[in-house]
Protein chains: 2
Amino acid sequence: MRQSKFFTKVSRDIPKDEESYNAQVLIRAGFVDKVGAGIYTLLPLGLRVLQKINQIIREEMVAIGGQELQMPALHPKEVWQATGRWEGFDALFKLKGSDNREYALGATHEEVVTPLAKRHVFSYKELPTQVFQIQTKFRNEKRAKAGLIRGREFLMKDLYSFHADEADLNKYYKTAQKAYFKIFERCGLLDVTYLTFASGGAFSKFSHEFQTVTSAGEDTIYICDDCQIAVNQELIEEHPHCPNCEKTELRQEKAVEVGNIFKLRTRFSDAVDFAVKTAEGDMKPVEMGCYGIGPTRVLGTIVEVHHDDRGIIWPETVAPYQVHLLSLKQEKVAEEIYEALLDRGVEVLYDDRDISAGEKFAEADLIGCPLRVVVSEKTLAQGNKVEVKKRNKQESELVTISRLLEMVKK
Amino acid sequence: MRQSKFFTKVSRDIPKDEESYNAQVLIRAGFVDKVGAGIYTLLPLGLRVLQKINQIIREEMVAIGGQELQMPALHPKEVWQATGRWEGFDALFKLKGSDNREYALGATHEEVVTPLAKRHVFSYKELPTQVFQIQTKFRNEKRAKAGLIRGREFLMKDLYSFHADEADLNKYYKTAQKAYFKIFERCGLLDVTYLTFASGGAFSKFSHEFQTVTSAGEDTIYICDDCQIAVNQELIEEHPHCPNCEKTELRQEKAVEVGNIFKLRTRFSDAVDFAVKTAEGDMKPVEMGCYGIGPTRVLGTIVEVHHDDRGIIWPETVAPYQVHLLSLKQEKVAEEIYEALLDRGVEVLYDDRDISAGEKFAEADLIGCPLRVVVSEKTLAQGNKVEVKKRNKQESELVTISRLLEMVKK
């Protein structure tokens, strides 16, 4: 992409109405635009990152048998009444239609997926089965000051699993845990993300959150460094020990809940009479699990974890472009390099604008592509070379153009 | 995909609460599930079709310079007040947040995209520029009985173009028209889709709809068979002639409005003071165009246009799977063919279930994949062959397995 044609611009001003670092830098660098508190437009740069995060999540969900579908955001009141959550669910947006019916905006989808599964799954022979979606959710938050980390509107991947018995649910729950760690590994968050024990509600001893340590976190977690797991605030108040080794010296950290998994057991299948035929011929309520992860929240969290005082440092796996090519008044050679990189399938952001070198360097650091390539009179004078520098390293080096093409080979 | 593992099932029953053919057959065949009137879940089969339609639209929008972004569905009341449409816009869903603010659910996005462009575009040198999204819209419809063709919640591709002057807008408008015809060609709708003249509102003589002729249409259009264009109901009442040749004998047809394009001129840039610097150094309001197409509506329309009394006949370009492989108790050979097809990158739905041949044939016709491949004792007895039949043809033929692999080569 040529920056001269790019719809968005980098801004020098720090947005005054944003407290969080992730929103400030994402707005300044042109990844998102703020429409209201907790409501953002994903601009072309931001959407590219989001689509990469989505694709990582999608691949890992398909790998554990998830079939993708897309449920609606508009939910008739009746489905929420059926589970008793129309009144009780926190932060549910409600609205009235001109058909004189009431609707909720989906904050979660147990209310939709359970009746759906009931219409399609009839026998234990068809279990286990799992469906997931990557879909927009709405929460009527009183406060929304954490940027992409807590939106009133946000993207969510939610997978729902259905099982003939508890043992099979438990087995799949472990499989999903592993898939989640693969996702966080691929998104560059593994080192600071902890499996965190949380309350399991009425039906299960524990549920689990995936908490990423960052000072921007709205949650507090208690890490057992021996077991490499953590406990959330609510649970620690009940039982101030590591749930694995019972140690009491736990390290307290701020963290963002980037995912959670929960054994729903028969809470929702009971509510809508979703039972299937067993091998013995009688009917048994279906065991369910749900597995959430917020791609927009992951995006905001990556920014909180991976930045320095000059801007974002995207992991290669989710970077909007792999290469940021800066032409310092050397358009002829830079154009050739740009075309050669595109020919090789490399994602390139090409700064072909007529602005100062200083501005170009500052913007490249702010936007944070993994590899910066500079073409200048000075670099070309030294044996027709270009300067390459990794965003996460201090050193740069001069390389020939053919060596550059070798380096970025896909 | 093995049908034995598939989440959804085909149903024998015609849904009683659906009047439209597209919803009836899409629900029966397991492409969609009804959550409420005009509110559907896209099931795995339906989502595959929708993603293909989206990708066709995306490619054609990128080809005419569109940069993809994603605006939110939740709009603060203030942005709709700024353009004077909070009260006037038909079928706007409104709701109240726990922050005591009012919100609209986006029915269209001029109110969001114009202030956004104002924050990023400052000079005539940066024009023209175009952004688009494929995003969920909401309309508070009183009636929603046309299945996927009129949803309360539906997917929309909306592109917005920004220009320094009217001549440039007019030029791009023509470019967009051509791109739309490419989309309808790729979706198998070109032969029955007409550029249809509609009222241009206060700022332009005409706007244009793309109307697809089908008895399921909610609109009436008047076709000039000489010019291969049409006029919509509203315009024909004002002036009952072909706008091109002035002929009065026009053919009346029912049709679905699958897309529309509109010169907004400065209607929205004026409302939010979006002006850019001209070459002469003064400020001039930006000329805008908007270009809509509904992927979920296109999906429903394809089904209305392409079916017979046994079910859907998907065009290859949007089919959920290219091949429907039916094993009539010949799992050993069928498995080998299934794996060989997957190895070659062919999309295959494989009916490996233990049900009758009659049921398998009926379901294959209902689901409507372009090529049906049957492996039975009878076909294998005739020189180790399989039967292949195109969904849109009567004849079938027996071919060797290597010939089959040749036929479906990508």
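## Two helices and a two-fold pair

Visitor: At what angle do H2(B) and helix H9 of chain B pack?

Guide: This is a predicted model, where local features need pLDDT of at least 70, side-chain atom pairs count only at pLDDT 80 or more, and totals for chains, interfaces and linings use all residues. Residues are numbered from 1 along each chain as its sequence is written, with chains lettered from A and ligands numbered from 1 in written order. Helices are DSSP runs (H or I, at least four residues), numbered from the N terminus, and axes are lines fitted to C-alpha atoms over the stretch in contact, with angles from 0 to 180 degrees between N-to-C directions. The axes of H2(B) and H9(B) (residues 295–305) lie 9 Å apart, at an angle of about 115°.

Visitor: Which residues of H9(B) make the contact with H2(B)?

Guide: Contact means C-beta atoms, placed from the backbone, within 7 Å. H2(B) gives Val49(B), Leu50(B), Ile53(B), Asn54(B) and Ile57(B). H9(B) answers with Pro295(B), Thr296(B), Val298(B) and Leu299(B).

Visitor: How many residues of chain B touch chain A?

Guide: Chain A gives 41 residues to the contact. Also, 100% of the interface residues of chain B are interface residues in chain A, so the copies meet through the same surface. The count for chain B is 41.

Visitor: Which residue of chain B comes closest to the rotation axis?

Guide: Superposition is by least squares on C-alpha atoms of residues with pLDDT of at least 70 in both copies. A rotation of 180° with 0.0 Å of shift along its axis puts chain B on chain A, RMSD 0.0 Å. The copies are thus related as by a two-fold rotation axis. At 2.7 Å (C-alpha), the closest residue of chain B is Leu95(B).

Conventions
Two residues are in contact if their C-beta atoms, placed from the backbone, lie within 7 Å.
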